[in-house]
Amino acid sequence: MEYLLAFVVGGAICVIGQLLLDIFKLTPAHVMSSFVVSGAILDGFGIYDKLIEFAGAGATVPITSFGHSLLHGAMEQANEHGFIGIGIGIFELTSAGISSAILFAFIMAIIFKPKG
C-alpha cells in the first residue's frame, strides 16, 4: 500500500507540473522554481511534513521536497542560532543533494560528448 500511495502522490505532483507546462505555457525553469517555493510554503504551514508521513517517497523525491528541506533546515537552525542559523540550516540539510548533483553532472559531462 505504501508503494501505491507514493506512486499516486508523486504522480499527482508530476501531473500538476505537466499541466503548468501545457496549459499555462510556463517554462521548465518556472515550473521548477514554483515547485520549490510551493514546497517551502507548504512546509511553513506544516502541511508538507504530513504529506511526507502519508506518501513517503512520493513526497520526498519530487523537487517540492527541496523547498521543504530548505525552509525546514533554516527554521530549525534559526531557532537554535538566531539569524546566522538561517544560512547554516539551508546548507546543512541540502548540502548532500547539491553536492551529489554537481558531482554526477561533472562525471556525465566527462563521459558523454555534448551535442553541437
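The following exercises, with worked solutions, concern a predicted model of a protein chain.

**Exercise 1. Overall architecture**

Task: Determine how many helices and strands the protein chain has, and what share of its residues is buried.

Solution. Step 1: the secondary structure consists of six helices and zero strands. Step 2: in sequence order, the pattern is α-α-α-α-α-α. Step 3: the C-alpha trace extends over about 50 × 35 × 30 Å along the principal axes. Step 4: of the 116 residues in the chain, 24% are buried. Step 5: for contacts between residues at least 6 apart in sequence, 47% connect residues at least 24 apart.

**Exercise 2. Packing of α1 and α2**

Task: Classify the arrangement of helices α1 and α2 from their packing angle, and describe the residues of their contact.

Solution. Step 1: α1 covers residues 2-22 and α2 covers residues 28-44; the two pack at an angle of about 140°, and their axes lie 9 Å apart. Step 2: angles over 145 degrees would count as roughly antiparallel and those from 65 to 115 as roughly perpendicular, so α1 is oblique to α2. Step 3: the crossing of α1 past α2 is right-handed. Step 4: α1 contributes Ile13, Ile16, Gly17, Leu20 and Leu21 to the contact, while α2 contributes Pro28, Val31 and Phe35. Step 5: by class, these residues comprise seven nonpolar, one polar and no charged.

**Exercise 3. Packing of α2 and α3**

Task: Carry out the corresponding analysis for α2 and α3, starting from their packing angle.

Solution. Step 1: helix α3 comprises residues 47-55, and it packs with α2 at an angle of about 100°, the axes being 5 Å apart. Step 2: the range from 65 to 115 degrees counts as roughly perpendicular; α2 and α3 therefore stand roughly perpendicular to each other. Step 3: on the α2 side the contact involves Gly39, Leu42 and Asp43, and on the α3 side Ile47, Tyr48 and Asp49. Step 4: this contact divides into three nonpolar, one polar and two charged residues.

**Exercise 4. Helix α2 in detail**

Task: Compare the reach of α2 with the expected value, and identify its buried residues and the helices against which they pack.

Solution. Step 1: α2 has 17 residues, and its first and last C-alpha atoms are 24 Å apart. Step 2: this is close to the 24 Å expected at 1.5 Å a residue. Step 3: Val31, Phe35, Val36, Gly39, Ala40 and Asp43 are the buried residues of the helix. Step 5: just after α2, Gly46 adopts a positive phi of about 80°.

**Exercise 5. Two individual residues**

Task: Decide whether Ser69 is buried or exposed, and do likewise for Gly56.

Solution. Step 1: Ser69 belongs to helix α5. Step 2: a residue is buried under 20% relative accessible area; Ser69, at 19%, therefore counts as buried. Step 3: apart from neighbours within four places in sequence, Ser69 contacts Leu93 and Thr94. Step 4: Gly56 is situated in the loop between α3 and α4, the latter being residues 57-60. Step 5: the relative accessible area of Gly56 is 27%, so this residue is partly exposed. Step 6: Gly56 and Ile102 are separated by 46 residues in sequence and by 25 Å in space, C-alpha to C-alpha.

How values were computed
Residues numbered from 1 in each chain as written. Predicted model: local features only at pLDDT ≥ 70, side-chain atom pairs only at ≥ 80, totals over all residues. Heavy atoms only, no water. Axes fitted to C-alpha atoms, helices over the stretch in contact; angles between N-to-C directions. Helix = DSSP H or I, 4+ residues; strand = E, 2+ residues; numbered from the N terminus. Parallel < 35°, antiparallel > 145°, perpendicular 65-115°, else oblique. Left-handed = near helix turned anticlockwise from the far one by under 90°. Contact = heavy atoms within 4.5 Å. Nonpolar A, V, L, I, M, F, W, Y, C, P; charged D, E, K, R; others polar. Buried < 20%, exposed > 50% of the residue type's maximum accessible area, 1.4 Å probe, protein only. Expected span 1.5 Å × (residues − 1).
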